[in-house]
Amino acid sequence: MDDDKEKFIYIDKKLCLNVAIKYFKKTKNYENIIKYIFFVIDKNIELRKKHLNIITLEAYVDLKDYKLKELDFDFIKLMIQYCQDKYPDNLNIIYVKNANIMVKSIYAIIRPFVDKDTRKKIFFIKKNKKKELSDETIEPINEENLDDLF
């Protein structure tokens, strides 16, 4: 997982948070990945505040090519709680794309663990709607190309 963490969660050119679930690997110890996730979220908030004058996050979760056996529901519930506690007012919206019926069923199971206000901010993108998301939207940024954006 440590090798793929930069592919798993990153900030794109529009300063949106992107999570590519296919790079998530189940493990016994999530300490490093949790630290990295919080680092990326904190960096995203910092960049959005500096360049957009807002502290809310927009996130895209891409479920393309995910493997159900790699999903760790205890980790998901833990991260939901951590994020609700650490970033209570920072989430603007989460778009979930490439979700199949199994994912929507799983969401129905974990939904009670998600804060009511947070639930209102989670949207599943229908298959025909994902064409609106251009490839440019999900291109990662780095320190070298950040200045070119603003």
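Q: Why does R48 count as buried?
A: Buried means under 20% relative accessible area, exposed over 50%, and partly exposed in between, with a 1.4 Å probe and protein chains only. R48 has 3% relative accessibility, so this residue counts as buried. The model is a predicted one, in which local features need pLDDT of at least 70, side-chain atom pairs count only at pLDDT 80 or more, and totals for chains, interfaces and linings use all residues. Residues are numbered from 1 along each chain as its sequence is written, and side-chain values use heavy atoms, with hydrogens and water left out.

Q: What makes the contact of E58 and R48 a salt bridge?
A: The term requires a side-chain nitrogen of Lys or Arg within 4 Å of a carboxyl oxygen of Asp or Glu. For E58 and R48 the N to O distance is 3.8 Å, and the side chains meet in a salt bridge. Because E58 lies in strand β3 and R48 in helix α2, the pair ties together parts that are 10 residues apart in sequence. Helices (H or I, at least four residues) and strands (E, at least two) are DSSP runs, numbered from the N terminus.

Q: Why is E58 called partly exposed?
A: The relative accessible area of E58 is 23%, and therefore E58 is partly exposed.

Q: Which elements does the salt bridge of D42 and K86 link?
A: The side chains of D42 and K86 meet at 4.0 Å, N to O. This pair links distant parts of the chain, with D42 in helix α2 and K86 in helix α3, 44 residues apart. D42, at a relative accessible area of 35%, is partly exposed, and K86, at 42% relative accessibility, also counts as partly exposed.

Q: Is K120 buried or exposed?
A: K120 has 57% relative accessibility and therefore counts as exposed. Its salt-bridge partner is D117, at 4.0 Å, N to O. D117 is partly exposed, as its relative accessible area is 46%.

Q: How many salt bridges does the rule give?
A: The count comes to seven salt bridges.

Q: How many helices and strands are in the protein?
A: The protein contains six helices and five strands. Along the sequence they follow the pattern α-β-β-α-β-α-β-α-α-β-α.

Q: What share of the protein do buried residues make up?
A: Of the 150 residues in the protein, 41% are buried.
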